[in-house]
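This report is meant for a reader who meets the structure for the first time.

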Amino acid sequence: MLDKIKPWLTSLYPRPWRDRYGAEFDVLLEQCLHSPLDVLDVFLGAVDAHLQLLNGDNLGWRMMNMLNKLRTTLLMVFAAYIGFIVAGFSLVGFADDSPMLPLMKTNSPLAAAWGTIQIGSVVALLAVVVGGAPLALTVVRRALADDRRNRGRLLVPVFSFLALVLYLGFVFLVGSGRILIPGVVRVVQPGNFPVGNRLMLEGLMLVFILGAIASTLAVWKAISNTDTEQETFHGFGHNLTVKIYTFAFVPAVITTFTMFVMLIATLVWGWLSFSALPGVFTGNFGPWGTSTQTWFFGILVLMVACTGVAFFGLKRGRPARTGQ
């Protein structure tokens, strides 16, 4: 069965890649293609080749493949992290629209679970910022120097953030009474969320989610078009050369495990909340008055999926980082 799909797997790779590395790749398939997981890894290798981050002019195929695999791993963790943020943002909106928020003031275990989620979000953000800083500086430097298309892509996160800030400013003006909108009240009681306020909150969620998706795609494409393995930075009289993908791997590990901790904390928070207030779990506290159960389980499914993608990326990229 696996022998029959070898030609198909090879055809997934770009023609210039096949012309250059086809013979060596056929030998590798004979040695390594033994299971469906191997097939999946070869498929993802085709994704690496199409992204063409490293063109391999000065590299052998095996080294180029390891570096591209490591790059794709980091992009997978980054995309999973953005998806996890969307789930976390939805969780915060969900909690704000329920009696569980005041319950956390008197229930210590529940507050501890929520605090773990908050601390985890800070740790994950710091890991992403630290790990991605050299790569981000490299992309910006190359874009400003000679890549107009990447300059345009880098504006997408800027405009997405600006749209979010403007919307938050609008919400603040409404909440402070400077702008009056029929059906929107300034003070909302838990469990009694007017339709106007609900729509404003859901509009904020929509702006955030669409901006996150657009920014992720733009950053992914910008990084994919940056042909570099390492970069030298100048400052304070010293030159520092950084292998940007190897450097980012440890922060990616921290981000992934922090996502897992936040996932567990969310499960604990939900269990404690719904044990204390079972009526909430069977109610309709989700956006647009949707089922609480459906909305909460949807958040969990997204968190599980994002965490799984991140762990899979790490597992795939670890041999590339260690040179195995």
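A residue is called buried when its relative accessible area is under 20%, exposed when that area is over 50%, and partly exposed in between. Phe208 has a relative accessibility of 18%, and therefore counts as buried. The model in which this value was computed is a predicted one.

**Overall layout**

The chain has 324 residues, of which 43% are buried. It holds 11 helices and 2 strands, and their order along the sequence follows the pattern α-α-α-α-α-α-α-α-β-β-α-α-α.

**Aromatic pairs**

How many aromatic pairs does the chain contain? Counting rings whose centres lie within 6.5 Å of each other, the total comes to 8 aromatic pairs. In one of these, the ring centres of Phe89 and Phe208 are 4.5 Å apart and the planes meet at 20 degrees, so the pair is stacked. Because Phe89 belongs to helix α4 (residues 61–96) and Phe208 to helix α8 (residues 195–224), the pair ties together parts that are 119 residues apart in sequence. While Phe208 is buried, Phe89 counts as partly exposed, since its relative accessibility is 25%.

A further pair is made by Trp114 and Trp269, whose ring centres are 5.1 Å apart and whose planes stand at 45 degrees, so that this pair is tilted. Trp114 lies in helix α6 (residues 108–146) and Trp269 in helix α9 (residues 244–276), and so the pair connects parts that are 155 residues apart in sequence. Both Trp114 and Trp269 are buried. Ring pairs also join these two residues with Phe274, Phe296 and Phe297 into a cluster.

**Helix α7**

Helix α7 (residues 148–175) has 28 residues, which at 1.5 Å a residue should span 40 Å, and the distance of 41 Å between its end C-alpha atoms agrees with this. Which residues of α7 are buried? They are Asn150, Arg153, Ser160, Leu164, Tyr167 and Val174. As background to such a list, an α-helix has 3.6 residues a turn, so residues three or four places apart point the same way. After α7 comes Gly177, whose phi is positive, near 85 degrees.

**A patch on the surface**

On the surface, Trp8, Leu37, Leu40, Phe43 and Phe312 form a nonpolar patch that has about 490 Å² of accessible area together. Helix α3 (residues 36–51) contributes the most to this patch, with 3 residues. Phe43, which is found in helix α3, has a relative accessible area of 38% and is therefore partly exposed.

The table below lists pairs of residues by their separation along the chain and the distance between their C-alpha atoms.

| Residue pair | Separation along the chain | C-alpha distance |
|---|---|---|
| Ala276 and Leu103 | 173 residues | 8.7 Å |
| Val250 and Leu314 | 64 residues | 9.8 Å |
| Gly211 and Pro157 | 54 residues | 7.2 Å |

Ala276 has its place in helix α9 and is partly exposed, with a relative accessible area of 38%. Val250 is also placed in helix α9, and its relative accessible area of 40% makes Val250 partly exposed. Is Gly211 buried or exposed? Gly211, which lies in helix α8, has a relative accessibility of 14% and so counts as buried.

Methods:
Residues numbered from 1 in each chain as written. Predicted model: local features only at pLDDT ≥ 70, side-chain atom pairs only at ≥ 80, totals over all residues. Heavy atoms only, no water. Patch = residues over 30% accessible without salt bridge, like charges linked within 9 Å, V, L, I, M, F, W, Y side chains within 5 Å. Areas by Shrake-Rupley, 256 points an atom, 1.4 Å probe, with all protein chains shown as cover. Salt bridge = Lys/Arg side-chain N within 4 Å of Asp/Glu carboxyl O. Helix = DSSP H or I, 4+ residues; strand = E, 2+ residues; numbered from the N terminus. Buried < 20%, exposed > 50% of the residue type's maximum accessible area, 1.4 Å probe, protein only. Phe/Tyr/Trp six-rings, centres within 6.5 Å; stacked < 30°, edge-to-face > 60°. Expected span 1.5 Å × (residues − 1).
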